[in-house]
Amino acid sequence: MRVGSGVALCLLAFAPMPLVSGYHRPVSIEEALELLRSPRRVALGGGTTLNADRDPSDLEAVDLQALGLDKITTGEASGRVRVGATATLEAVWRSELLPDSLRELARAEQPSTLRTLATVGGLIAKGSPESLLLAGLLAHDAEVELIAADDDSTSRRSLSGLLRSGLSPGALIIAVSVATTGRTAMASTARTPADIPIVAAYGRSSEAGVSLALTGVADHPVLVDPSHPTAGLAPTGDFRGSRDYRLHLAATLTARVNEELI
Ligand SMILES: Cc1cc2nc3c(=O)[nH]c(=O)nc-3n(C[C@H](O)[C@H](O)[C@H](O)COP(=O)(O)OP(=O)(O)OC[C@H]3O[C@@H](n4cnc5c(N)ncnc54)[C@H](O)[C@@H]3O)c2cc1C
């Protein structure tokens, strides 16, 4: 178990019952990929999910914070911005390169104590069904840069496809690029104004048409057809909203967003 490029550290000695039992802090992407080839090792972003569990495990964390993947820069293509995988949600909120509507979703995602820790890479890997920022990234035509740990091959995948298929074991998210152009609108329903929405709709109108993403209607945020938003959806109901209520919200909120974007 290593810190930096060589020193060993066992976290069990420092914290009671952590989820991870080992910690590595690679200083290059190559070193990180080599570490992630072991199925016992997992990438560590901000640790808001990964290390939040109190049950012990034999997993070892590969901390990505020394890899320099936290930059938010204008993308190679015009009208796009590249957000590094270890950029925090707080950094997304503060970046003036990103559209205000997207920044606002980062701010709304979590309380500031978590926002300063949670990373964009962790957000994507986790694929939380209620993530407003993920819905925003989807509508902004997000493309994810990945490196596979088994053969070091790099690839670009649409966020939509990646959320559908899930991340391959050991794959490292390097960055996500988003389109910054277009007009946006959002509508959501929550039990109280401060609650995470039961269902939210976020749309972006551009030359290519309207891209519309929903939260709360599948096991991850999804892009839907703005004219037939409930087609193919089969949400799971819970105490906050039944399947039918969620479908009703999906149709109603999409109509509101469409109306605003017209
Ligand atoms: C109190 C609380 C409230 C929360 N509220 C929300 C919320 O409102 N919305 C929401 O979406 N989530 C929420 N979460 C979940 C979590 O905070 C987010 O999903 C967060 O963005 C995860 O980011 P992280 O950097 O902390 O990931 P980590 O906890 O470090 O990792 C999460 C997963 O992502 C993987 N991972 C991290 N980075 C990479 C990478 N670059 N490449 C490949 N895999 C990677 C890890 O291996 C792990 O499987 C909440 C969590 C807590 C504890």
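Predicted model: local features only at pLDDT ≥ 70, side-chain atom pairs only at ≥ 80, totals over all residues.
Local features require pLDDT of at least 70 and side-chain atom pairs count only at pLDDT 80 or more, while totals for chains, interfaces and linings use all residues. Residues are numbered from 1 along each chain as its sequence is written, and side-chain values use heavy atoms, with hydrogens and water left out.

**View 1. The domains of the protein.** The protein is divided into domain 1 (11–63), domain 2 (72–179) and domain 3 (183–261); the bounds come from an automatic or database domain assignment. Between domain 1 and domain 2, the C-alpha centres are 21 Å apart.

**View 2. The interface of domain 1 and domain 2.** Contact (heavy atoms within 4.5 Å) joins ten residues of domain 1 to 13 residues of domain 2. Of the area that domain 1 buries against domain 2, 47% is supplied by Leu 33, Arg 37 and Thr 48, more than by any other three residues.

**View 3. The salt bridge across the interface.** One salt bridge is found between domain 1 and domain 2, the term denoting a side-chain nitrogen of Lys or Arg within 4 Å of a carboxyl oxygen of Asp or Glu. The side chains of Arg 37 and Asp 152 form a salt bridge at 2.7 Å, N to O.

Note on methods:
Buried area = accessible area lost by both parts, 1.4 Å probe.
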